[in-house]
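Dear colleague,

I am passing on the structure we spoke of, together with some notes on what turned up in it. Please have it open as you read.

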Amino acid sequence: MATFTPGSPLFAEVAEVFRATWPDRFFSTSDAAARIRQHACYDGFRGIAAVSAGHVIGFVYGYTNAPGQWWYDQIVQHAPRLSVKLNLADSFAFTELAVAASWRRHGVGQRLHDAVLRDLPHRYTVLSTQTDNVAALALYRHLGWDVLIPGMRFDGNAPDFAILGKALK
């Protein structure tokens, strides 16, 4: 495991794993890199890459939740309508976890998950994942995450997402 930032030597490979994992979200590796760079500007950014034989095989990152961030503002806007009380204060936005296809089901995702959450100063962590992403939901439930909102849509054409949370302290 190695930390990464947009300025680190691993960054280009992290962006490529991101693009390859979500080809429908990113037209190019530079699109994926731009998304990570945007998030890396937020307070509390933490990025971890899994490396094997000198190559990135997976990554995870997140940052401190705060008003004014798109995801935070979307959750705050939708939660009352869904009759959910959700306090995002003192929480870490567990933003992306991706593992190269050939390395899935080898424990890489769990090791990345544990590494990014280790010793965080936050009391909680929160994430969203597509409701039809069965593998991700199974992993998160196995790792002790609770479903806070079973289904919400961030924008009109997007798939439904589940919002999950986990106490860290």
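Tyrosine 140, if its neighbours within four places in sequence are set aside, is in contact with Phe94, Leu97, Leu127, Thr129, Trp145 and Leu164, where contact means heavy atoms within 4.5 Å. Please keep in mind that this is a predicted model, in which local features need pLDDT of at least 70 and side-chain atom pairs count only at pLDDT 80 or more, whereas totals for chains, interfaces and linings use all residues. Residues are numbered from 1 along each chain as its sequence is written, and side-chain values use heavy atoms, with hydrogens and water left out.

Tyrosine 140 lies in helix 5, helices being DSSP runs of H or I with at least four residues and strands runs of E with at least two, numbered from the N terminus. With a relative accessible area of 7%, tyrosine 140 is buried (buried is under 20% relative accessible area, exposed over 50% and partly exposed in between, with a 1.4 Å probe and protein chains only).

Two of its contacts, Phe94 and Trp145, bring me to the aromatic pairs, of which the structure holds 11; rings of Phe, Tyr and Trp (its six-membered ring) pair if their centres lie within 6.5 Å, and planes under 30 degrees apart count as stacked, over 60 as edge-to-face and the rest as tilted. One of these pairs is formed by phenylalanine 45 and tyrosine 61, whose ring centres are 5.5 Å apart and whose planes stand at 40°, so the pair is tilted. Phenylalanine 45 sits in the loop between helix 2 (29–40) and strand 2 (46–52), while tyrosine 61 belongs to strand 3 (residues 55–64), 16 residues apart. Phenylalanine 45 counts as buried at 18% relative accessibility, and tyrosine 61 is buried at 0%. The rings of phenylalanine 94 and tryptophan 145 also have their centres 5.5 Å apart, but with planes at 70°, so this pair is edge-to-face. Both phenylalanine 94 and tryptophan 145 are buried.

As for the sheet, 7 strands form an open one in the order 1-2-3-4-5-7-6, with mixed pairing; two strands pair if DSSP finds at least two bridges between them. Strand 1 (2–3) and strand 6 stand at the edges with a single partner strand each, so one side of each is left without a neighbour in the sheet. Strand 5 (residues 124–130) and strand 7 (residues 161–167) run antiparallel and are joined by 7 bridges, and threonine 129 stands opposite alanine 162 in strand 7.
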